[in-house]
Amino acid sequence: MLRESDIDSLNNHLASLSVENKRHNENLQDLLDQFQRLLSDYSSLKSDYEEVKEGRDKYKRQARGQERNPFVLVLVDGDGYLFKERFIKNGSEGGIDAARELSDSVKDLMHSTMGAQADNCRIMVRVYANMLGLSKALARAGLVGHEARSLSPFTSGFNRAEGLFDFVDAADKKEGSDFKIREMFRLFVDLNQCRHIYFAGCHDTGFGSMLTPYRSSNKITLIKAASFHRDFETMGLPIRELPSVFMSSPLTTTKPTGPPSAKAASSNNTSNGTNGSSTKPVCKHFQKGICRFGNGCIKQHIMPSQQLFKEESPKKTWSIDESPKKTWSTPTIVGRPLELFATTLPKFKESEESIPVNTDGDRLDTYCPHPSADAMDRYYARAKEAKVCNSYHLSGECGDMNCPYDHGDVSDTIIEVLRYLSLQHPCPRGGGCRSIKCYLGHICQKPNCKAVKSWQCRFNHRTHTLDLNTVKWVTPIEHTDDEISRSPSVSDDSFGDTSSQGTFERLHL
């Protein structure tokens, strides 16, 4: 039999073996856990590697794609940069010649500015212009006919001469060409495939704000022509000329000569001792804005208002001692220049507490010049965030408790643009308005506006012939709701009160 000491020894040995086996199992489990974590980390790293590899391969494919079809862009404001007279006079053939000459001249520029890579680049040309207005200006200079859009044969020849050459009609809206050029510039300036931009719009300082962020760029070259503005010389961008493509001197208007019948009629009227212009028939088509003969028309081109005031009789006024005096009213002619508004109308700060009126008691507006292009850009950018409340920012209050428009703080620039846009829409009370809070227009301040047709101007014909001289300042009178309701109805584009503000926002934003 085993001794007591042997039994104790075996028990101790068994306990030691059990502890050692337990420690071994724990070490094995710990090793298995570490290996599991290692496999998990490996799987995560492998996934990240695959994503990075896929992104790198995609970037390489895009880079290779951007290397294909490189081009240079030539942006031209056709309203200020006019092609040579010899091109315009030749119509369709002249357009083809102008496109080829422009292509050759730009290729020479490319080699001087881009070096060896110029051989791999195609040339894309975009010319934007007001076709109707440009045709009229060229017709007055004797370069094209007097029919509407007489420049069309030239532009059609220009377009078909080269696959990437386009002469685009930007419509007859003001700054239509500017809008198109700005959008094209922003689209291509950061595109890798567009290797260089030749900008031909340096007659308009409004493009300065667009070019300023790229003053240190070597991707833009300015093109100089007849109407080049000196402000662009300070931008530090390279300036080149294309003397064989664009006119180097401003367009000169030739004095139109009428047909022989017109001269004969004029000489007969003079020999009879009468004014030739007063006996010639009046052109009704001109008064409607549709005369296609322009300055070559044998009839008189005068507005209806000029006929009304042509032979106006003197108007009598009486002094206190009842002795009669004669005063002559000054003839008012529709189509007034910008300088007349700037020098005659009162300034905005002068009318903070009273209202200016003329000799007939009609209310006058303060002078409000057209905002700069940079100010308009700021306004439209602010409007995209939230449309501002016209009534709150211009009159100081908004009676709509549930007004959907923004009442937050805006800069003085935004206020000036908002005031200008508001004055383009007539007040329903017209010249009789005496509200200091009224921010709508009471006269038309559009330069040279003739208001021949109702759709050409929102203001009626009388607001274009009012006397602009301020004779006194009157105390404001706020109109009641009943007075407003009895005032002439306001159409969707007249914006006479706060309720029409939504329409106003939709139109000018």
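# Questions on a predicted protein model

Biologist: What is the relative accessible area of Tyr214?

Modeller: The model is a predicted one. Tyr214 counts as partly exposed, because the buried class requires a value under 20% and the exposed class one over 50%. For Tyr214 the relative accessible area is 22%.

Biologist: What share of the residues in the protein is buried?

Modeller: The protein has 17 helices and 10 strands. Of its 509 residues, the buried share is 37%.

Biologist: Which strands are the edge strands of the open sheet of six strands?

Modeller: The pairing in this sheet is parallel, and the strand order is E3-E2-E1-E4-E5-E6. An edge strand pairs on one side only, which is the case for E3 (165-169) and E6 (239-241). The twist from one strand to the next averages 25°. The edge strands are therefore E3 and E6.

Biologist: At about what angle does helix H5 run to E3?

Modeller: Helix H5 comprises residues 152-161 and lies across two strands, E2 (122-129) and E3. Relative to E3, the helix runs at about 150°.

Biologist: How many residues apart are Arg462 and Asp362, which form a salt bridge?

Modeller: The closest N and O atoms of Arg462 and Asp362 are 2.8 Å apart. Arg462 lies in the loop between helix H15 (412-422) and strand E10 (472-474), and Asp362 lies in the loop between strand E9 (355-357) and helix H13 (373-385). Arg462 is partly exposed at 47%, whereas Asp362 is buried at 9%.

Biologist: Which helix holds both Arg378 and Asp374?

Modeller: The side chains of Arg378 and Asp374 meet in a salt bridge of 3.2 Å, N to O. Arg378 is partly exposed at 48%, as is Asp374 at 31%. The two residues are four positions apart, about one turn of the helix, and the helix is H13.

Biologist: Why is the ring pair of Phe83 and Phe246 classed as it is?

Modeller: The count of aromatic pairs comes to 15. In this pair the ring centres are 5.2 Å apart and the planes stand at 45°. Phe83 is in the loop between strand E1 (71-77) and helix H2 (85-89), and Phe246 is in the loop between E6 and helix H8 (260-271). Because planes under 30 degrees apart would be stacked and those over 60 edge-to-face, the pair is tilted.

Biologist: What relative accessible area do Phe83 and Phe246 have?

Modeller: Ring pairs link both residues into a cluster that also includes Tyr81, Phe154, Phe158, Phe165 and Phe167. Phe83 is buried, and Phe246 is buried too. For each of these two residues the relative accessible area is 3%.

Biologist: How many residues apart in sequence are the parts tied together by Phe185 and Tyr214?

Modeller: Phe185 and Tyr214 form an edge-to-face pair, with 5.6 Å centre to centre and 80° between the planes. Because Phe185 lies in helix H6 (residues 176-188) and Tyr214 in the loop between helix H7 (208-211) and E5, the pair ties together parts whose separation in residues is 29.

Notes. Residues numbered from 1 in each chain as written. Predicted model: local features only at pLDDT ≥ 70, side-chain atom pairs only at ≥ 80, totals over all residues. Heavy atoms only, no water. Buried < 20%, exposed > 50% of the residue type's maximum accessible area, 1.4 Å probe, protein only. Pairing = 2+ DSSP bridges. Axes fitted to C-alpha atoms, helices over the stretch in contact; angles between N-to-C directions. Contact = heavy atoms within 4.5 Å. Salt bridge = Lys/Arg side-chain N within 4 Å of Asp/Glu carboxyl O. Phe/Tyr/Trp six-rings, centres within 6.5 Å; stacked < 30°, edge-to-face > 60°.
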